[in-house]
Amino acid sequence: MIVIYKKEFFLIFSIFIIGMSALCGCISSKGPFFDMSRLENCHPLMPVAIIGSGPAGLTASIYGARGGFRTYVFEGNKPGGLLTETTEVENWPGEAVILGPELMQRMHAQAERLGVVFVADSVEAIDLSTWPYKLQLDSGDSVYALSIIMATGSTPRKLGIRGEEEYWGYGVTTCAVCDAPFRKGQKVIVIGGGDSAIEEAIQLAPHAQEVTIMVRKDHMRAAQRMQDRLSGYPNITIKYNVDVLEVLGEQKKGPLGLIKHVVGVRVYDNKHNVEYDMPDINGVFLAIGHTPNSQLVEGSIQCDRAGYIKTEDHSQKTSQEGVFVAGDVADHVYRQAITSAGSGCMAALDAANFLGNIGFNEQIAENIMPFLYHPDGMGESSVYHIYSLQELEQILAHSDGLVVIDFYGQACPSCLQMLPIYEQVAHEFKDRITFIKVDIDEAEDVVHHFNVVKVPCIVLMKDGKPLNHIYKTMRRKELVDLLHASDRL
Ligand code: NDP
């Protein structure tokens with residue numbers, strides 16, 4: 001029945017679209033590339049697909065939805081973007097002071113209220129050779145987009161020094177908001193001289209015993225107002241003219257594999273030309289700038305030498321018609337939440353203009369309704385939320401095979417970013433694997449039982465015994481691969 005209905009619909013739809021296209025002249029004026037009659041063969045469809053959910057992506061989505069377009073946001077690996085790792089924002093107009101995560105939550109709620117569809121998935125590849133543009137998703141699905149807004153932001157840089165990779169997640173990190181509570185009473189360093197270095201140090205100060213900011217020049221690049229904030233924290237000091245050469249650590253075998261931790265750093269004093277070790281340092285926080293996340297369009301859209309996507313004139317248009325850009329992935333100068341939001345607004349207006357120019361109108365929007373993308377309705381959660389060891393034991397008594405436990409904290413942005421991915425994967429594997437989540441502040445006995453030392457942490461169990469602790473934020477694909485590998489054991 002459904003097949004017959006669809007065929008009939010397609011026939012009527014095709015005749016209608018061809019008629020509309022001819023009427024509005026989109027085929028003749030723009031050539032066959034933006035050919036509306038192709039929409040019938042390309043679904044699921046997204047009129048406006050925004051990749052990235054920071055201030056740029058969410059502002060674009062608000063403008064897209066208010067413009068009357070069905071607008072989708074791919075939340076990616078870091079929903080809410082880098083602002084979710086910031087504390088106080090004092091330069092968002094209209095807010096004297098607001099916390100970064102709160103600002104992003106408000107934007108998300110505003111977008112949702114306007115009908116924006118959030119997709120807890122990442123885009124793996126984009127095919128711009130034909131239109132509608134094809135997006136390959138992390139989940140394995142493909143979708144087709146009539147217009148794309150790249151709002152993929154930038155990623156914190158690493159130093160590339162010895163020990164950095166080895167102790168990554170075991171004391172070396174870029175996220176103080178996530179890891180500061182695990183550095184209670186310890187000595188830590190923050191590397192960098194920009195606003196982020198100050199942010200990281202301020203996050204760490206209430207937890208750590210001593211925080212030293214390591215600046216490679218004889219001055220900081222950070223705004224004076226940010227530097228002034230440091231005076232309120234007596235346990236933060238600054239070392240100038242220092243390059244960190246190596247992260248020093250220790251490793252030993254534990255019941256669940258190698259236990260590693262940072263014990264110091266080797267430093268070069270570039271003013272006096274001497275090398276020395278700083279002992280008893282247990283945390284190394286990097287705040288040395290960012291790299292634009294333009295890899296998805298590398299080679300198909302013009303970027304500058306540093307990888308920032310180029311825009312045309314005073315617009316957010318890229319070198320590919322129908323693809324727009326907003327935020328830090330195109331901006332190496334201003335890089336502020338407010339400029340990202342502004343460019344998100346411009347990108348959405350440019351996208352709306354483009355869609356109008358190629359003949360996309362209300363009638364076509366209505367006709368493609370049955371072919372729009374619908375993220376899997378997950379319905380009821382497939383994850384047990386437990387509050388005690390006793391509850392865990394009850395679940396384990398009835399579970400064969402693999403059991404996965406996600407330990408998270410409400411104050412940990414990476415954990416909150418991973419939760420929707422975890423829920424989605426749990427939904428897919430619910431028939432084979434048991435999924436549990438534990439809020440570390442609600443079930444301390446479970447945390448101690450598994451000796452969890454930081455979050456996010458995934459513990460895998462088989463036959464009632466822990467197999468592995470994984471201390472990192474995982475992308476959907478990584479989590480799925482891990483489950484496949486562990487399920488086969
Ligand atoms: P920046 O690019 O501003 O600063 C990077 C810092 O890292 C610089 O001090 C740089 O040194 C240093 N650095 C770079 N490479 C190395 C290296 N290999 N070894 C040692 N040090 C290195 O990046 P931020 O992330 O701090 O800021 C990015 C943007 O975000 C800025 O526009 C900033 O204003 C904004 N921001 C705003 C905040 C707020 O308003 N609350 C909070 C955080 C960021 P050098 O100076 O010598 O080049």
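Trainee: Where does D445 sit in this model?

Mentor: D445 is in helix α12, which covers residues 444-449. Keep in mind that this is a predicted model.

Trainee: Is D445 buried, exposed or partly exposed?

Mentor: D445 counts as partly exposed because its relative accessibility is 36%, and partly exposed is the band between under 20% for buried and over 50% for exposed.

Trainee: What about E164, where is its place?

Mentor: E164 is also in the loop between β9 and β10.

Trainee: Which side chain of opposite charge is nearest to E164, and how far away is it?

Mentor: That would be K158, at 6.2 Å. E164 is buried yet has no salt bridge. A salt bridge needs a side-chain nitrogen of Lys or Arg within 4 Å of a carboxyl oxygen of Asp or Glu.

Trainee: Which backbone nitrogen lies 2.6 Å from a polar atom of the E164 side chain?

Mentor: The backbone nitrogen of G160 does.

Trainee: Switching to salt bridges: how many does the count come to?

Mentor: The count comes to twelve salt bridges.

Trainee: Which residue forms a salt bridge with E90?

Mentor: R225 does, and the closest N and O atoms of the two are 3.3 Å apart.

Trainee: How do E90 and R225 come out for accessibility?

Mentor: E90 counts as partly exposed because its relative accessibility is 35%. R225 has a relative accessible area of 59%, so R225 is exposed.

Trainee: Which residues does helix α7 cover?

Mentor: Helix α7 takes in residues 224-229, and R225 is found there.

Trainee: How far apart are the C-alpha atoms of R225 and D195?

Mentor: They are separated by 9.6 Å, and the two residues are 30 apart along the chain.

Trainee: Which residue pairs with E199?

Mentor: E199 forms a salt bridge with R229, with the closest N and O atoms 3.9 Å apart. E199 belongs to helix α6 and R229 to helix α7, so the pair links distant parts of the chain, 30 residues apart.

Trainee: Are E199 and R229 buried or exposed?

Mentor: E199 is buried, and R229 is buried as well.

Trainee: How many residues of helix α6 are buried?

Mentor: Eight of the ten residues in α6 (residues 195-204) are buried, which leaves the helix mostly covered. The buried ones are A197, I198, E199, E200, A201, I202, Q203 and L204.

Trainee: How far apart are the closest N and O atoms in the salt bridge of K472 with E478?

Mentor: They are 2.7 Å apart. K472 counts as partly exposed because its relative accessibility is 39%. E478 is partly exposed too, given its relative accessibility of 29%.

Trainee: New topic: which strand holds K462?

Mentor: K462 is found in strand β23, residues 457-462. K462 counts as buried because its relative accessibility is 15%, and buried means under 20%.

Trainee: Which backbone oxygen lies 3.3 Å from a polar atom of the K462 side chain?

Mentor: The backbone oxygen of S486.

Trainee: Where does V459 lie?

Mentor: V459 lies in strand β23. Its relative accessible area is 0%, so V459 is buried.

Trainee: Last one: how far is the C-alpha atom of V459 from that of R113?

Mentor: The C-alpha atoms of V459 and R113 are separated by 36 Å, with the residues 346 apart along the chain.

Note on methods. Residues numbered from 1 in each chain as written. Predicted model: local features only at pLDDT ≥ 70, side-chain atom pairs only at ≥ 80, totals over all residues. Heavy atoms only, no water. Helix = DSSP H or I, 4+ residues; strand = E, 2+ residues; numbered from the N terminus. Buried < 20%, exposed > 50% of the residue type's maximum accessible area, 1.4 Å probe, protein only. Polar contact = N/O pair within 3.5 Å; in protein donor to acceptor, adjacent residues only side chain to side chain. Lys, Arg positive; Asp, Glu negative; His and termini not counted.
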